[in-house]
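Here's a quick briefing for anyone meeting this structure for the first time. Have a look at the model, then read on.

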Amino acid sequence: MGKYKAIKGSFHVKGFAPDGDSLRFQAFNADNWNWAKFKWETKALKNAKKKQLRIEAIDALETHYEGARQPHSFAIAALEHMLELLGIKNVQYNLLTTEIIAAEDGVPGWILTGSVDAFGRPISLIFRDLPGFNDGDEVESANVPVELSLNYLMALQGIVYPTFYASMEPEMREKFKVAFATAKGRLQGLWAIDKTGGFRLWNIYTVQQDVIILPKLFRRFISFFKSRGDLAEFMDFMADNKDPVMVNGVKRFFHEFVEVEGNHYRLTVSPEELIFLPEG
C-alpha cells in the first residue's frame, strides 16, 4: 500500500502553458518536497518553486504538443473548466492561445502526491480543499479521498480521457474507472463525440481538426507524421516505438491494440483497460 504526501500551496498559470491535465503548484512549505526523496529529472526541477504537476489518471485533449493540438475548442474547454474548478479567473491568452499571459491565479489549494514521473513532475491528485488533513500529513492510499479530487470530478464530467500508469494504486484506479464508466454510460462530454473506437484518417488535419480521440493515440500520430512520409508505415512506426502496457494482468504493447484497415483506424480496447508501464 502506497503513501501520499498532503501538501498545501497555490496553483499558478500566468506565464505558463498549462493544459487540462497539467499546471504549476507552489508548496507553502518547500520542505514537503523532501519527502520520499523524490527523484527529480534535473537540479532545476528540484529547485523550482512552482513545480509542474502531472495530474493523476486523466488525459485532456492536447492544446500544444510538438506544435500541434487537438480540435481547439474542445481542448481549450477542458483547460478552462479545470481553471474554473480551481477558482482561477480572468484568464487571458497570447494570440496563439499557447500561453496564459494574465490571470488571477495563485489560488490556494492542495495536492496529494506519492511520486515524481520521468519528467520530474509530481504525480498528483489536486483539491480546492482537503478537509481533515494537515499540511505535510502522510496519507495511506486507502485513506485518500479520491472522490473529492478535481481529477475525479473531471473524469465524472466526461471532459477528460483516462490514462492509467502502473504507479497508481489499484484501488484508486478502480475508483476512477467507476467515474469514467459513469460519464461514458451517459455519453457525457467527450464521450458523445469520441472516435477512438473508429475513424477514417485522411491526413494530419483529421486528428487536429476533425476527430476527438484518446490524447495518447493523438500524440503517436503527430510524432509519426513528423518522422515518416507514408501512412502505410504507421503500424511499423508504432511497433518501432513500443509502449508497454498491462491489459487484464498480461504485459502487451500499445500498438497491439491499434487496428488499421485501409484508412480506418481504431483502438480495440477501452482506454481505461490499459495500464501503461514505465519501462521501454
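Which residue takes a positive phi in the hairpin of S6 and S7? It's Thr97, with a phi near 50°, and the hairpin has six residues between its strands. Bear in mind that this is a predicted model, where local features need pLDDT of at least 70, side-chain atom pairs count only at pLDDT 80 or more, and totals for chains, interfaces and linings use all residues. Residues are numbered from 1 along each chain as its sequence is written, and side-chain values use heavy atoms, with hydrogens and water left out.

**Strands**

- Helices (H or I, at least four residues) and strands (E, at least two) are DSSP runs, numbered from the N terminus.
- Strand S6 (residues 89-93) pairs with strand S7 (residues 100-104) in the antiparallel sense, over three bridges; two strands pair if DSSP finds at least two bridges between them.
- Tyr93 has Ile100 in S7 as its bridge partner.
- Elsewhere, four strands make an open sheet with mixed pairing, in the order S12-S18-S14-S15.
- At the edges sit strand S12 (164-165) and strand S15 (250-253), each pairing on one side only.
- S12 runs parallel to strand S18 (residues 275-276), and two bridges link the pair.
- Tyr165 stands opposite Phe276 in S18.

**Helices H3 and H4**

- Helix H3 (residues 150-157) packs against helix H4 (residues 170-185) at an angle of about 30°, with the axes 6 Å apart.
- Axes here are lines fitted to C-alpha atoms, for helices over the stretch in contact, and angles run from 0 to 180 degrees between N-to-C directions.
- That makes H3 roughly parallel to H4, a label for angles under 35 degrees.
- On the H3 side, Asn151, Tyr152, Ala155, Leu156 and Gln157 meet H4 residues Lys175, Phe176, Val178, Ala179, Phe180, Thr182 and Ala183.
- By class, this contact of H3 with H4 has eight nonpolar, three polar and one charged residues.

- The buried residues of H6 (under 20% relative accessible area, with a 1.4 Å probe and protein chains only) include Pro215, Leu217, Phe218 and Arg219.
- Arg219, placed in helix H6, is buried because its relative accessible area is 11%.
- Not counting residues up to four places away in sequence, Arg219 touches Asp59, Glu62 and Tyr65; contact means heavy atoms within 4.5 Å.

Methods
Buried < 20%, exposed > 50% of the residue type's maximum accessible area, 1.4 Å probe, protein only. Parallel < 35°, antiparallel > 145°, perpendicular 65-115°, else oblique. Nonpolar A, V, L, I, M, F, W, Y, C, P; charged D, E, K, R; others polar.
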